[in-house]
Amino acid sequence: MLVLNSSFYPLGVSSWRKGVLLVWKKKAEVIEYNGHFLRDDLRLPCVIRLDRNIFLPHKDVALTRKNIIARDQNTCQYCGKKSSNLTVDHIIPKSRGGELSWENVVAACQACNLKKGNRTPEEANMKLLRLPRKPKIPSNLLDIVRFAKSQYHEWIKYIPKKYLS
Ligand SMILES: [Zn+2]
């Protein structure tokens, strides 16, 4: 269930239990249903809006394997293959002083990672599909965008457009 601030800005994803409880306690109102039912007479909301604004400090996306692969859209940044079994490649290898930073890591399939080995892309003659950057999206929007794109398309209209590309 998508939880919006009272200003309609997306805050986070909640379990349906927690969401229904917020509505029942009148701390949130239902903005949208998606046709699912809890019981025959009880529609399940898919978007709710809090009755007040919660201030959420901007938090950067954590540099984790999962988030690196999500940034690279589950695509090997060398050969372009989509896979659920990607590794993280240090562009400048760790052993040669390459650091763990958003700009120096990319998702890579096992074959490309193995082929590149302990070399730079230039030495291995392997081109990156694009230059890796730090994601600009705040961390609380990361899951919202992922869910909105994969299954809850009704959430998309609540997400600022700049985070949807
Ligand atoms: Zn590859």
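This is a predicted model: local features need pLDDT of at least 70, side-chain atom pairs count only at pLDDT 80 or more; totals for chains, interfaces and linings use all residues.

Student: Metal first. Which residues hold the zinc ion?

Tutor: The zinc ion is coordinated by the SG atoms of Cys76, Cys79, Cys109 and Cys112, at 2.3 Å.

Student: How are those donor residues spaced in sequence?

Tutor: The spacing of the donor residues is C-x2-C-x29-C-x2-C. Cys79 sits in the loop between helix H2 (65-71) and strand S5 (87-90), while Cys109 sits in the loop between strand S6 (105-108) and helix H3 (110-116), so this pair ties together parts that are 30 residues apart in sequence.

Student: What is the arrangement around the zinc ion?

Tutor: The arrangement is tetrahedral, because the 4 donor atoms subtend angles of 102 to 116 degrees.

Student: Cys109, buried or exposed?

Tutor: Cys109 is buried, at a relative accessible area of 4%. Cys79 counts as partly exposed, with 44% relative accessibility.

Student: Ok, charges now. How many salt bridges are in the whole structure?

Tutor: A search of the whole structure gives 9 salt bridges. One of them joins the side chains of Lys157 and Glu32, at 3.1 Å from N to O. That pair links distant parts of the chain: Lys157 is in the segment after H5 and Glu32 is in strand S3 (residues 28-39), 125 residues apart.

Student: And Lys157, is that one buried or exposed?

Tutor: Lys157 is exposed, with a relative accessible area of 57%.

Student: What does Lys134 pair with?

Tutor: Lys134 and Asp60 meet through their side chains in a salt bridge, 3.0 Å from N to O. Asp60 is in the loop between strand S4 (42-50) and H2, and Lys134 is in the loop between helix H4 (121-124) and H5, so the pair ties together parts 74 residues apart in sequence. Asp60 counts as partly exposed at 43% relative accessibility, and Lys134 counts as partly exposed at 40%.

Student: Which residue does Arg146 form a salt bridge with?

Tutor: Arg146 forms one with Asp143, and the closest N and O atoms are 2.5 Å apart. Both residues lie in helix H5, 3 residues apart, about one turn of the helix. Arg146 is partly exposed, with a relative accessible area of 30%, and Asp143 is partly exposed at 34%.

Student: Back to the segment after H5. What about Glu154?

Tutor: Glu154 is in the segment after helix H5 (139-150). Glu154 is buried but has no salt bridge.

Student: Where is the nearest opposite charge to Glu154?

Tutor: The nearest side chain of opposite charge is Lys157, 7.2 Å away.

Student: Then what does the side chain of Glu154 make a polar contact with?

Tutor: Its partner is the side chain of Asn34, at 3.2 Å. Leaving out residues up to four places away in sequence, Glu154 touches Glu32, Asn34 and Cys46. Glu32 is also the residue in the salt bridge with Lys157.

Student: New topic. Where is Asn104?

Tutor: Asn104 lies in the loop between S5 and S6, and Asn104 counts as buried at 8% relative accessibility. A polar atom of the Asn104 side chain lies 2.9 Å from the backbone nitrogen of Ile92. Not counting residues up to four places away in sequence, Asn104 touches several residues, among them Asp89, His90 and Gly98.

Student: And Val61, buried or exposed?

Tutor: Val61 is buried, at 6% relative accessibility. Val61 is in the loop between S4 and H2. Beyond its neighbours within four places in sequence, the contacts of Val61 include Trp102, Pro135, Ile137 and Leu142.

Student: Last one: where does Phe8 sit?

Tutor: Phe8 is in the loop between strand S1 (2-4) and strand S2 (10-13), and Phe8 is partly exposed, with a relative accessible area of 37%. Setting aside residues up to four places away in sequence, Phe8 touches Ile31, Arg49 and Tyr158. The C-alpha atoms of Phe8 and Pro132 are separated by 31 Å, with the two residues 124 apart along the chain.

How values were computed: Residues are numbered from 1 along each chain as its sequence is written. Side-chain values use heavy atoms; hydrogens and water are left out. Helices (H or I, at least four residues) and strands (E, at least two) are DSSP runs, numbered from the N terminus. Buried means under 20% relative accessible area, exposed over 50%, partly exposed in between (1.4 Å probe, protein chains only). Lys and Arg count as positive and Asp and Glu as negative; His and the chain ends are not counted. A salt bridge is a side-chain nitrogen of Lys or Arg within 4 Å of a carboxyl oxygen of Asp or Glu. A polar contact is a pair of N or O atoms within 3.5 Å; within protein, one must be able to donate a hydrogen and the other to accept it, and residues adjacent in sequence count only if both atoms are side-chain atoms. Contact means heavy atoms within 4.5 Å. Donors are N, O and S atoms within 2.8 Å of the metal (3.2 Å for Na, K and Ca); water is not among the atoms, so sites may look incomplete. Four donors count as tetrahedral if all angles lie between 85 and 135 degrees; four count as square planar and six as octahedral if opposite donors are over 155 degrees apart and all others between 65 and 115; anything else is irregular.
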